[in-house]
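Dear colleague,

Please find below the structure that I am handing over to you. My notes on what was found in it follow directly after.

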Amino acid sequence: MTDRSPEALLLAQRLFLHEVGVLGAPVALAEAAERVNARLRGHLARLIGRTGYTVLVARAVRLAQAEVPALEAYITVNTLDTGADGGLRGVHDFVLAHDGEQGVAEAGLIVMLGTIIELLSTFIGEDLAFS
């Protein structure tokens, strides 16, 4: 899914930077990613259910892992066998593992969030997804 719309990545970056601020410590990056996911989950689970949100996020994470292989070693989704809440696991480990690499963790998390937004826009349309 490397043909992601620039709008999805821009929205993901804006949401992420809004949560973390311009310059964030590694822990702040991880916490911001988790907060953005929790916010999306809170809003979308009412519309598509917890299982629907979990499936959406699991697919988005898998697609993001194909684009940013470093995510694969760390990021997983709480799926049906682990509680089905669509929560992300391993975000802190991913960020800490890439602490010394300028922008790698932030870019990976933005790609992951952008993929969630892009999949959502595929299902419900850009107008609703980007609003």
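How many of the 21 residues of α4 are buried? The count is 15 of the 21, so α4 is largely enclosed by the rest of the structure. Buried here means under 20% relative accessible area, exposed means over 50%, and partly exposed lies in between, with a 1.4 Å probe and protein chains only. Helices (H or I, at least four residues) and strands (E, at least two) are DSSP runs numbered from the N terminus.

Two remarks on the basis of these values are in order. This is a predicted model, in which local features need pLDDT of at least 70 and side-chain atom pairs count only at pLDDT 80 or more, while totals for chains, interfaces and linings use all residues. Residues are numbered from 1 along each chain as its sequence is written, and side-chain values use heavy atoms, with hydrogens and water left out.

Overall architecture

The protein chain contains 5 helices and 2 strands, arranged along the sequence as α-α-β-β-α-α-α. Of its 131 residues, 43% are buried. Among contacts (heavy atoms within 4.5 Å) with a separation of 6 or more, 60% join residues 24 or more positions apart.

The helices α2 and α4

Helix α4 (104-124) has 21 residues and reaches 30 Å from its first C-alpha to its last, close to the 30 Å expected at 1.5 Å a residue. The expected span is 1.5 Å times one less than the number of residues in the helix. Just after α4, G125 takes a positive phi of about 95 degrees.

Helix α2 (26-67) has 42 residues, yet its end C-alpha atoms are only 21 Å apart, short of the 62 Å that a straight helix would reach. A kink of about 110 degrees is centred on I48 in α2. The bend at a residue is the angle between axes fitted to the seven residues ending there and the seven starting there.

The cavity

Rolling a probe the size of a water molecule over the atoms shows where empty space is left. A search of the whole structure finds 1 cavity of 30 Å³ or more. Grid points are joined across faces, edges and corners, and a volume is the space filled by probe spheres set on the points.

The largest cavity has a volume of about 60 Å³. Its lining consists of F16, A33, V36, N37, L88, L109, M112, L113 and I116. Both α2 and α4 supply at least two residues of that lining, and the largest share, 4 residues, comes from α4. By type, the lining divides into 8 nonpolar, 1 polar and no charged residues. Here Ala, Val, Leu, Ile, Met, Phe, Trp, Tyr, Cys and Pro count as nonpolar, Asp, Glu, Lys and Arg as charged, and the others, Gly among them, as polar.

Individual residues

- E106 lies in helix α4 and counts as partly exposed at 23% relative accessibility. E106 and L17 are 89 residues apart in sequence and 9.3 Å apart in space, C-alpha to C-alpha.
- L9 is in helix α1 (residues 6-20) and is partly exposed, with a relative accessible area of 29%. Although L9 and V111 are 102 residues apart in sequence, their C-alpha atoms are 6.8 Å apart in space.
- E19 also belongs to helix α1 and is buried at 16% relative accessibility.
- Q65 is found in helix α2 and counts as buried at 7% relative accessibility.
- H98 sits in the loop between α3 (91-97) and α4 and is buried, at 11% relative accessibility.

With kind regards

Technical notes: 1 Å grid on protein atoms, 1.4 Å probe; cavity = no way out; pocket = protein on both sides within 12 Å on 5 of 7 lines; lining within 4 Å.
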